[in-house]
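Here's a quick briefing to read with the model open beside you.

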Amino acid sequence: MKYIIYLLSLFPLTIFANEFVKIPANPNFSFVKGVERGSIGEKSPILKPYEIAKYPITNEEYKKFLSENKNIKVPKYWKNGTFPKGKEKHPVLDISLTEAKAYCLWLSKKDKKFNYRIPTEAEWEWRGRADS
């Protein structure tokens with residue numbers, strides 16, 4: 001499975017130009033994993049408010065990470081070690097969960113005040129519903 005990185009943080013991102021959206025806590029939140037009609041849903045309380053990146057990490061941002069982490073492979077659609085021309089602001093694609101987690105760890109080390117990570121499935125679902 002491949003991932004697009006949306007960061008989760010307790011505070012706004014300060015290194016890159018990504019905006020963060022504040023998501024309120026919801027201790028009664030539940031959702032159905034997968035597509036099962038008529039299911040009641042799995043209780044997945046969101047006990048604390050959080051902030052999630054408004055936009056996915058871009059090719060340009062990911063290239064900064066790769067320039068400092070030579071052991072991480074470039075996405076397959078990049079040619080000669082860089083993203084396609086005109087795609088710098090597009091989301092980085094075709095990376096593994098391990099690579100996405102490495103990016104979050106790298107960013108957390110860059111911005112020592114905050115801890116960045118991939119949102120949980122429940123956090124991602126609640127983010128989508130909290131806007132409505």
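Which residues have the most contacts inside the largest nonpolar core? They are Tyr-62, Phe-65, Leu-66, Trp-78 and Tyr-103, in a core of 17 residues. Bear in mind that this is a predicted model.

**Overall layout**
- Out of 132 residues, 37% count as buried.
- Looking at contacts with a separation of 6 or more, 69% come from residues 24 or more positions apart.
- The accessible surface is about 8,500 Å², and carbon and sulfur atoms make up 56% of that.

- For the 17-residue core, the elements that give two or more residues are helix H1 (59-68) and H2.
- H2 gives the most to this core, with four residues.
- There's also a second, separate core of nine residues, and Val-21, Phe-31, Tyr-50 and Ala-122 are among them.

**Aromatic rings**
- Searching the whole structure turns up 10 aromatic pairs.
- Take Trp-78 and Phe-83: their ring centres are 5.6 Å apart and their planes sit at 80°, so this pair is edge-to-face. Both Trp-78 and Phe-83 are buried.
- Tyr-103 and Trp-106 make a tilted pair, with 5.5 Å centre to centre and 50° between the planes.
- Those two are three residues apart in helix H2 (residues 97-110), so about one helical turn separates Tyr-103 from Trp-106. Tyr-103 and Trp-106 are both buried.
- Step back and you'll find that ring pairs link Tyr-62, Phe-65, Tyr-77, Trp-78, Phe-83, Tyr-103 and Trp-106 into a cluster.

**Helix H3**
- Which residues of helix H3 (residues 121-130) are buried? That would be Ala-122, Glu-123, Trp-126 and Arg-127.
- Look down the axis of H3 and these buried residues fall within an arc of 140°, so they line one face of the helix.
- One of them, Ala-122, is included in the second core, along with Val-21, Phe-31 and Tyr-50.

Methods
Residues numbered from 1 in each chain as written. Predicted model: local features only at pLDDT ≥ 70, side-chain atom pairs only at ≥ 80, totals over all residues. Heavy atoms only, no water. Buried < 20%, exposed > 50% of the residue type's maximum accessible area, 1.4 Å probe, protein only. Contact = heavy atoms within 4.5 Å. Areas by Shrake-Rupley, 256 points an atom, 1.4 Å probe, with all protein chains shown as cover. Arc of directions from axis to C-beta. Phe/Tyr/Trp six-rings, centres within 6.5 Å; stacked < 30°, edge-to-face > 60°. Core = buried A, V, L, I, M, F, W, Y, C linked by side-chain atoms within 4.5 Å.
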